[in-house]
There are 2 protein chains.
Amino acid sequence: MKSLKDKILQEGKVLSDTVLKVDTFLNHQIDPLLMKEIGEEFANRYSDEVITKILTIESSGIAPATMLGLTIGAPVVFARKRKSLTLANNLYSSSVHSFTKNETNEISVSRDFLTADDNVLIVDDFLANGEAVKGLLDIAEQAGANVIGVGIVIEKGFQEGGKNLREQGIRIESLANIKSLANGQVEFYDELI
Amino acid sequence: MKSLKDKILQEGKVLSDTVLKVDTFLNHQIDPLLMKEIGEEFANRYSDEVITKILTIESSGIAPATMLGLTIGAPVVFARKRKSLTLANNLYSSSVHSFTKNETNEISVSRDFLTADDNVLIVDDFLANGEAVKGLLDIAEQAGANVIGVGIVIEKGFQEGGKNLREQGIRIESLANIKSLANGQVEFYDELI
C-alpha cells in the first residue's frame, strides 16, 4: 500500500534493527484519513470473503479495525488486556507476551460477541513475533468461529511471526511488509510478498 | 442525539443505579456506523471552532475520536495508561482514578504531539466523576494548549463530573446525558441540558 509505505518512510523512526516507531500516525497520534484508506485496503484485499466480525486488540488495532468495519458494515470487537469490573466473567481468554513492552497480558473477549456463526477477520497494527495474533486466533478457536484471515498494517517480515502463521495455512494480508531495519533504514519487501 | 439514545435504550444494560454497560456498541464491541454518526455530531456541535487536535484516552475513546478526526480532518492523540518501552520519556503525565475499575493509572502523552499552538477538543466515551477529563485537561495545560471544549458520548449527569467542569467554565457537549439509572431504567435529561 503505497500511501502507507510513503508515510512510514517519511515519519517512521528506526530505533534499532528491530524497533520501528510510528507514533505520528498509528500508535499514539492517529491519522484518521490514512486509517480510512487502510480500512478500505483491508476490505479490498478480502473482498472475496464475507466477514461478520472484525477482531482486534486494544489499543492501536482499534482505529484501523473500525475503519474496516465502517467500509464493510461489520462490527468490531476489541480484546481487552485486563479484566475490568464490568467484564468479569463470561470470557474467552488467552495469554499474550509483548516483546516490545516485555510483559505478558491476559487478553479476553466476551462470549457474547464471538460465536461459532462468525466469519472473523483479525486485524492488528503490527505483526512481529505473532504473539498477539496467536492469542486472537486462540480466542476465535475457543468460540468455534471461522477465521478467514488476518489483516496487518505493518509486518516486520524479518521476524518469524508471519512466516510461522502462513506455514499453518493462515491467510495474512500485510499492507506494508518490512524486510529490514538495518542501518537505520526501512526496506520493504516487494508488494506481492 | 436520537440514534445514540435509541441504541442505549435498546442495548444498554443497567447493572446498578450508577453502572450502565454499553459493551455491544462502544466499550467492547464497536458499531462503526454509529461511531461515524457520533463523530459527525461532535463536528456539528463544535462547527464554530477550529480544532487542530483531538485528545482522547485509550481504549474506548479512540473510535469516536477517530471518526471525529475523519470528519474534520484533524489528527487524534490518545493518552496512554501505561508507559511502554518505546514511549519512555518526553511525556506529559497525569494521574487518573477510575471508580469503575477501582484503580489509578498514570496517563501520558508525548510532548511531540501536543503544543501551545494547538486548539484541542477532548473526547471520551463516558463522563461520570470527570477524572479522565480532568487528567486530559491537566495534560493540555502542561502543553500550554488551548482547550476548546469536551465531547462526551454518554454523560452520567447524575454524577458530579459534568457539573464541576461546567462550573469551571469548560464547555461540554454530551450526546446522551443520563438523568437516572434507578429501577433498572435509563432516563435521559432533555436534549438541551
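At what angle do helix 1 of chain B and helix 2 of chain B pack? The angle is about 140 degrees, and the two axes lie 10 Å apart. This is a predicted model. The points below take up that helix pair, then chain A as a whole.

**The helix pair in chain B**

- Helix 1 of chain B covers residues 2-11, and helix 2 of chain B covers residues 32-45.
- Angles over 145 degrees count as roughly antiparallel, and 65 to 115 as roughly perpendicular. Helix 1 of chain B and helix 2 of chain B are therefore oblique to each other.
- The crossing of helix 1 of chain B with helix 2 of chain B is left-handed.
- Helix 1 of chain B brings B:Ser3, B:Leu4 and B:Lys7 to the contact. Helix 2 of chain B brings B:Leu34, B:Glu37 and B:Ile38.
- Sorted by class, the residues of this contact are three nonpolar, one polar and two charged.

**Chain A: make-up and dimensions**

- Chain A holds five helices and eleven strands.
- Along the principal axes, the C-alpha atoms of chain A fill a box of roughly 45 × 35 × 35 Å.
- The radius of gyration of chain A is 16 Å. A compact globule with 193 residues would have a value near 16 Å, so the two agree.

**Chain A: burial and contacts**

- Of the 193 residues in chain A, 55% are buried.
- Take the contacts in chain A with a separation of 6 or more: 62% of them join residues 24 or more positions apart.

Note on methods: Residues numbered from 1 in each chain as written. Chains lettered and ligands numbered in written order. Predicted model: local features only at pLDDT ≥ 70, side-chain atom pairs only at ≥ 80, totals over all residues. Heavy atoms only, no water. Axes fitted to C-alpha atoms, helices over the stretch in contact; angles between N-to-C directions. Helix = DSSP H or I, 4+ residues; strand = E, 2+ residues; numbered from the N terminus. Parallel < 35°, antiparallel > 145°, perpendicular 65-115°, else oblique. Left-handed = near helix turned anticlockwise from the far one by under 90°. Contact = heavy atoms within 4.5 Å. Nonpolar A, V, L, I, M, F, W, Y, C, P; charged D, E, K, R; others polar. Rg over C-alpha atoms; globule rule 2.2 N^0.38 Å. Buried < 20%, exposed > 50% of the residue type's maximum accessible area, 1.4 Å probe, protein only.
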